[in-house]
Amino acid sequence: MNEQADDHQHQHGLVLGKFYPFHAGHQQLIRAATATCAQVTVEVLGSSVESIPMEVRAKWIRREHPTARVVTALDDAPIDYDDPAVWELHMRVIEGLLDRPVDAVFTSDTYGAELAERLGATWHRVDPGRVAMPVSGTAVRADVAGHWWALPAPVREWFCRRVVVIGAESTGTTTLSRALAAHYEVPWVPEFGREWSEVRPGGLESPWHSSEFDLIAIEHQRQEVEAMRATPRPLTISDTDVLATAIWHERYVGGTSPSVLARAKTWRPDLYLLTGDEIPFVQDGMRDGEHIRHHMQARFREVLAQSGVPWFEVHGSPAQRLAAATARVDELLAGGWALADPLG
């Protein structure tokens, strides 16, 4: 036994649950366990009817609590704490995930007493009645936005709705995306490709290389993830994205980029807003010119139609575009997440 383990009250603590989804109350349990146990096992016990994959939930916990041993298993037995036969079904799963005996069990609910007795462990009841941390998985599923405060950063990323504004040059993508972000009071992710164009070696006149578009796609996605984790509500607005970067690769390199397209397929937003090309073209010193704008706009429409992501083209004045865009975003947010109820 090492010296560090001797400093702890317990050798092996257990925290288990559905973590559907993982929230601040679960974190409170895991922190209580890690503070008093040399080793902590967190068991994610999901059912086949649930909408969030167990491994996604496990990754959330591992990211927030890297010292814990996080394991998963399917447990489709019903919940009935008064039925010994049902308890036996659950215990087969619970004990099957343990790599060594536990001497401490951490729960908020009263089933912890029975669980600890069956495992020959000490029960630590943390925050009875959830007074200090008033949140539950049921409450979060019923109102994700209302319990946004209780979701750790990686869980926010999973739930966050991402809206992307794209379009050909001088079609108002920046104007609309910034207005949308201001309207909803959420983070705005600027077009990193434009930032790169301003500082790239050789300036705008030097040939473009595929590696630059990989850089743009990776950095823009990184900024989107950062925004999704920090947003005060489940929404972020981006000015262009990885898919748009793939289209611009076609324009400047002369063909498709397999790596950027592959990234775009795994990083799809919830809604695309395409800005119409009916407004006057404005040359700001960095754009190709009006002669190519309509061709590029047609290409954007073609790619969006094949993307599998809902999209909508906006036209008119800035106010008209904002009104049309907010109507679509409101519809998206009103749709919720349609999470299935767990087994009862």
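## Helix packing and aromatic rings

In this predicted model, the axes of helix 10 (residues 210–230) and helix 11 (residues 242–253) come within 10 Å and cross at roughly 165 degrees. Because angles over 145 degrees count as roughly antiparallel, helix 10 is roughly antiparallel to helix 11. Axes here are lines fitted to C-alpha atoms over the stretch in contact, with angles from 0 to 180 degrees between N-to-C directions; helices are DSSP runs (H or I, at least four residues) and strands likewise (E, at least two), numbered from the N terminus.

Let's look at the contacts (heavy atoms within 4.5 Å). S210, F213, I216, A217 and Q221 of helix 10 meet V242, T245, W248, H249, Y252 and V253 of helix 11.

Some of these residues return in a ring cluster: ring pairs link W208, F213, W248, Y252 and F300. Rings of Phe, Tyr and Trp (its six-membered ring) pair if their centres lie within 6.5 Å; planes under 30 degrees apart count as stacked, over 60 as edge-to-face and the rest as tilted.

| Arginine | Ring | Distance to ring centre |
|---|---|---|
| R200 | W208 | 3.8 Å |
| R251 | Y252 | 5.1 Å |

The count comes to ten aromatic pairs. One of them, Y81 with Y111, is stacked, at 5.4 Å centre to centre and 10 degrees between the planes.

Residues are numbered from 1 along each chain as its sequence is written. Local features need pLDDT of at least 70, side-chain atom pairs count only at pLDDT 80 or more, and totals for chains, interfaces and linings use all residues, while side-chain values use heavy atoms, leaving out hydrogens and water.

Definitions and conventions
A charge sits over a ring if NZ of Lys or CZ of Arg is within 6 Å of the ring centre and within 35 degrees of the ring normal. Angles under 35 degrees count as roughly parallel, over 145 as roughly antiparallel, 65 to 115 as roughly perpendicular and the rest as oblique.
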